[in-house]
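Subject: Handing over a structure

Dear colleague,

I am passing a structure on to you, together with my notes on what was found in it. Please look through the sequence and the coordinates before reading on.

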Amino acid sequence: MYGVAELQKQLGFLDDQFNQLQQLQDESNPDFVVEVVTLFFEDAERLLSELAKALGQENIDFKRVDALVHQLKGSSSSIGAQRVQRVCIAFRNYCEEKNVERCLKSLQEIKQEYSLVKNKFETLFKMEQQLFAAGGSASR
């Protein structure tokens, strides 16, 4: 896939899991990676919204917050979004400590990392479309 090497090098947005995901894509399912990443975007946005609501409650249910962060960590891991995953790990520790301030800060960090990785993926997919439109192919 064109641009992946650059994306991975740019501040470590992706890890080897993304390479493994790419290897599952073939001619019978040429949009596999885009579909999986799009599902990640949808799931992450739902989880981020639920996290914001949960942390906005007067009595925060830290077990619920931790469960939501755990889901986000898993889905980000499945596409290789390592920076989102790293922030989730720290966030889970703050849930265990019931540290509201650090949880709120972690939510902001996750939103920022999610936004960055989403923008990188959108750029990557646009570059890939342009390459295919020009008659090229994506290398894996």
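Arg 64 lies in helix 4 and Glu 50 in helix 3, so the pair ties together parts that are 14 residues apart in sequence; helices here are DSSP runs of H or I with at least four residues, strands are runs of E with at least two, and both are numbered from the N terminus. Arg 64 counts as partly exposed at 40% relative accessibility, where buried means under 20% relative accessible area, exposed over 50%, and partly exposed in between, with a 1.4 Å probe and protein chains only.

Before going further, please keep in mind that this is a predicted model, in which local features need pLDDT of at least 70 and side-chain atom pairs count only at pLDDT 80 or more, while totals for chains, interfaces and linings use all residues. Residues are numbered from 1 along each chain as its sequence is written, and side-chain values use heavy atoms, with hydrogens and water left out.

As for the overall picture, the protein has six helices and zero strands, so that from the N terminus on its elements run α-α-α-α-α-α. Of its 140 residues, 39% count as buried. Among contacts between residues at least 6 apart in sequence, 64% join residues at least 24 apart, contact meaning heavy atoms within 4.5 Å.

To return to the charged pairs, a search of the whole structure finds seven salt bridges. Asp 43 forms one of them with Arg 46, with the closest N and O atoms 2.6 Å apart, and both residues lie in helix 3, three residues apart, which is about one turn of the helix. Asp 43 is partly exposed at 23% relative accessibility, and Arg 46 is partly exposed as well, with a relative accessible area of 36%. Asp 43, Arg 46, Glu 50 and Arg 64 are linked in a network of salt bridges. Another salt bridge joins the side chains of Lys 118 and Glu 45, at 2.7 Å from N to O. Lys 118 lies in helix 6 and Glu 45 in helix 3, so this pair ties together parts that are 73 residues apart in sequence. Lys 118 has a relative accessible area of 21% and is partly exposed, and Glu 45 counts as partly exposed at 39%.

The largest nonpolar core has 36 residues, and those with the most contacts inside it are Phe 18, Val 37, Val 65, Leu 72, Phe 91 and Phe 121. Such a core is a set of buried Ala, Val, Leu, Ile, Met, Phe, Trp, Tyr and Cys residues joined through side-chain atoms within 4.5 Å. Helix 2 (16-23), helix 3 (32-55), helix 4 (62-79), helix 5 (82-97) and helix 6 (100-133) each supply at least two residues of this core, and the largest share, ten residues, comes from helix 3. Residues up to four places away in sequence aside, Val 65 touches Leu 51, Ala 54, Leu 55, Ile 60, Phe 91 and Cys 95.

Helix 5 and helix 6 pack at an angle of about 170 degrees, with their axes 9 Å apart; the axes are lines fitted to C-alpha atoms, for helices over the stretch in contact, and angles run from 0 to 180 degrees between N-to-C directions. That makes helix 5 roughly antiparallel to helix 6, a description used for angles over 145 degrees.

Lys 98, in the loop between helix 5 and helix 6, has a phi near 55 degrees, a positive value in a residue other than glycine, and is exposed, with a relative accessible area of 56%. Glu 113, whose place is in helix 6, is buried, with a relative accessible area of 14%. Ser 76, found in helix 4, counts as buried at 0% relative accessibility, and, leaving aside its neighbours within four places in sequence, is in contact with Phe 40, Ala 81, Val 84 and Gln 85.

With best wishes

How values were computed
Angles under 35 degrees count as roughly parallel, over 145 as roughly antiparallel, 65 to 115 as roughly perpendicular and the rest as oblique. A salt bridge is a side-chain nitrogen of Lys or Arg within 4 Å of a carboxyl oxygen of Asp or Glu.
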